[in-house]
Amino acid sequence: MTSNDRIVILGGHGKVALLAAPRLVAAGFAVDSVIRNPDHAADVEAAGATPRVLDIESASVDEFAELFAGAKAVVFSAGAGGGSPERTHAVDFVAATRSMDAAAKAGVSRYVMVSYTRADADLDTVAESDSFFPYVRAKHDADEYLRASDLDFTILGPGTLTLDAATERVRLADASGEALEGTLADDEKVTSRDNVAAVIAHVVATGAASREKVNFYDGDTPIATAIR
């Protein structure tokens, strides 16, 4: 690794990002974690990353591109966190797609998006009147925008997130959220945030799952074996 192996994480104070940063640092990367609130800088530093203060909700493509310049990869792990539909759209779609355009403008081809397992399927199954629908729409459309780009993307689709420690093992799933091997009850379709962080570090370090979406739950197969 060289000093130019810099990773930029958007949503740097999120639970997944705070777990991913030390894994990326351990893999030899320098990590810039983007936060909106300067008060969160100490937590980011404790995770081994360098805090970069930027409000991604209002940041322009040029502001993102300036931040990304010279980076090896961008990881989008931000989210409105169940806020208003307007803010969900602003963060999970508008900020996401601006950051994709900015990555291309800055010449950073590798882009990892943290989405969720059923982002492709839920648009056809969740009612527009459902409070979850704005999130479904934003994540689905952002993922589609990324697929249509020329970026070297990987879209990660974990299940229901937990705070369990990483097992470093996963079970892959299809676009409808059904496990590719065996059958899981709905309450078994879970993914620890720490396993998501481990998968982020794996795909960034190895280039695995290039221009693919990977849906996964906690399982029995080592990450490096399951995700190539």
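Mentor: What follows is a close look at one salt-bridge network and the residues in it.

This is a predicted model, in which local features need pLDDT of at least 70 and side-chain atom pairs count only at pLDDT 80 or more, while totals for chains, interfaces and linings use all residues. Residues are numbered from 1 along each chain as its sequence is written, and side-chain values use heavy atoms, with hydrogens and water left out.

The structure holds 16 salt bridges, a salt bridge being a side-chain nitrogen of Lys or Arg within 4 Å of a carboxyl oxygen of Asp or Glu. One of them pairs Asp120 with Arg147, whose closest N and O atoms lie 3.1 Å apart. This pair links distant parts of the chain, 27 residues apart, since Asp120 sits in the loop between strand 5 (110-114) and helix 5 (133-147), and Arg147 in helix 5; helices (H or I, at least four residues) and strands (E, at least two) are DSSP runs, numbered from the N terminus.

Arg147 also meets the side chain of Glu144 in a salt bridge, at 2.6 Å from N to O. Glu144 and Arg147 are three residues apart in helix 5, so about one helical turn separates them. Salt bridges that share partners join Asp120, Glu144, Arg147 and Lys213 into one network.

As for accessibility, buried means under 20% relative accessible area, exposed over 50%, and partly exposed in between (1.4 Å probe, protein chains only). Asp120 is partly exposed at 22%, Arg147 is partly exposed at 25%, and Glu144 is partly exposed at 36%.
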